[in-house]
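Work through the exercises below with the model open. Each task is followed by a stepwise solution.

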Amino acid sequence: MTEFLRHLPKIELHCHLEGSMSSATVRALAARHAADHSAVWDGEIPDHFSFADFPDFGRQYLFGLGLLRDEEDLARATDDHAAILAAQNVRYAELTTTAYSHLRVGGMAPEVYRDGLNEGRRRAAERGVTIGWVVDIPRDLEMPDETVTIEYLESGRTPDGLVGIGLGGYEVGFPAAPYADHFARATALGLHSLPHAGETEGADSVRQAVDDLGAERIGHGVRVLEDAELTKQLADTGVFCEVCPTSNSLLGVVDSLTDHPLPRMIEAGLRVSLNTDDPGWFDTDLLTELRIGSEVLGLTDADHLRLQRDALDASFAPVDVRAAIAAELAQFESDPTA
Ligand SMILES: [Zn+2]
């Protein structure tokens, strides 16, 4: 089982660059900037991150985010994560990055942000990993009357491989519908609609993502099952759900991994894939999520192959990359031990 999953060519659709930073990356960047971490951790920066509660998670996340200050930091964070992806046979990954945090909160120049992401993507390609970028609006930071993210996207100073606009952050109290105009402007630029919904809020949040933002994929979407009619609508129209079990478990979206709704989502005919969300902070990786799929959620090897094909299908990978991965998956299916 483990060998099958290890060698399986993989695609990841839901991972945040700012949440992907491993302990090694955080240490290296903290040293580069001589950053004081004493308000976040006692003693050394730990080998594996863990958190006591949501505020504790927030403190660590913001410390890591604050280390991304220039082009090299962004390139390094991207490339460090690409090294982990390459080691796990991940061929294509869509990484979400929050422009607002860097440009507005961090005061970074748009050109520096763009060039850092481009350099990171170039280094990742050298490792055999193609990166697609998603720029998300942080709904609990950027209010609907602000236009920082959409104006950045319209400025043209965006990275190569940009495929979509997302909507991240805490859903409760921050509904999706007020961002309809932002998403209309982004999709007019040719970007795909990829909002988070149905994570910390229920089915109504998913409905807004679909009806008001034109969602083609939903980040998480696990709570759509609370509404059978909407679940059927998603299944019938092929709106895809990016499922992140460890994230859901650690953030209390599900009581435990054994209660995770992934099997019921598949049963209901939803197209899904497994993802890491914030692998650095959640101390996970894609192979671990796939193992959870097998060992806790009952997925077979054939299910895993189908999920990778569905993820490839739902991705916005360039045509040549898509064809190469499809061929590799066919080859793998004919001989998983090769
Ligand atoms: Zn996410």
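**Exercise 1. Which residue in E2 stands opposite Cys15, and in what sense do E1 and E2 pair?**

Step 1. Note first that the model is predicted. Find Cys15: its counterpart in E2 is Leu95.

Step 2. E1 spans residues 10–16, and E2 spans residues 90–97. They pair in the parallel sense, over 5 bridges.

Step 3. Check how covered E1 is. Of its 7 residues, 7 are buried.

**Exercise 2. Are His14 and His16 buried or exposed?**

Step 1. Take the cut-off: a residue is buried under 20% relative accessible area.

Step 2. His14 has a relative accessibility of 2%, so it counts as buried.

Step 3. His16 has a relative accessible area of 7%, so His16 is buried too.

**Exercise 3. Which residues coordinate the zinc ion, and why is the arrangement irregular?**

Step 1. List the donors. His14, His16 and His196 each coordinate through NE2, and Asp277 through OD. The distances run from 2.1 to 2.2 Å.

Step 2. Turn to the angles. The 4 donor atoms subtend 85 to 172° around the zinc ion.

Step 3. Four donors count as tetrahedral if all angles lie between 85 and 135 degrees. The range around the zinc ion reaches 172°, and the arrangement is therefore irregular.

**Exercise 4. What is the volume of the largest pocket, and which element gives the largest share of its lining?**

Step 1. The volume is about 720 Å³.

Step 2. Look at the lining, which has 27 residues. Closest to the pocket centre are Phe54, Phe57, Tyr61, Asp140 and Gly169.

Step 3. Assign elements. Helix H3 (54–65), helix H5 (99–105) and strand E3 (130–138) each give two or more residues to this lining. H3 supplies the largest share, 6 residues.

Step 4. Sort by class. The lining of the largest pocket holds 11 nonpolar, 9 polar and 7 charged residues.

**Exercise 5. Which residues lie nearest the centre of the second largest pocket, and how does its lining divide by class?**

Step 1. The space in the second largest pocket is about 280 Å³.

Step 2. Its lining has 20 residues. Nearest the centre lie Ser22, Ile84, Pro279, Thr284 and Asp285.

Step 3. Helix H4 (residues 71–87) gives the largest share of this lining, 5 residues.

Step 4. By class, the lining of the second largest pocket divides into 7 nonpolar, 9 polar and 4 charged residues.

Terms used
Residues are numbered from 1 along each chain as its sequence is written. This is a predicted model: local features need pLDDT of at least 70, side-chain atom pairs count only at pLDDT 80 or more; totals for chains, interfaces and linings use all residues. Side-chain values use heavy atoms; hydrogens and water are left out. Donors are N, O and S atoms within 2.8 Å of the metal (3.2 Å for Na, K and Ca); water is not among the atoms, so sites may look incomplete. Four donors count as tetrahedral if all angles lie between 85 and 135 degrees; four count as square planar and six as octahedral if opposite donors are over 155 degrees apart and all others between 65 and 115; anything else is irregular. Buried means under 20% relative accessible area, exposed over 50%, partly exposed in between (1.4 Å probe, protein chains only). On a 1 Å grid over the protein atoms alone, a cavity is a set of points where a 1.4 Å probe fits but cannot get out, and a pocket is an open set with protein on both sides within 12 Å along at least five of seven lines; lining residues have an atom within 4 Å of a point. Grid points are joined across faces, edges and corners, and a volume is the space filled by probe spheres set on the points. Helices (H or I, at least four residues) and strands (E, at least two) are DSSP runs, numbered from the N terminus. Ala, Val, Leu, Ile, Met, Phe, Trp, Tyr, Cys and Pro count as nonpolar, Asp, Glu, Lys and Arg as charged, and the others, Gly among them, as polar. Two strands pair if DSSP finds at least two bridges between them.
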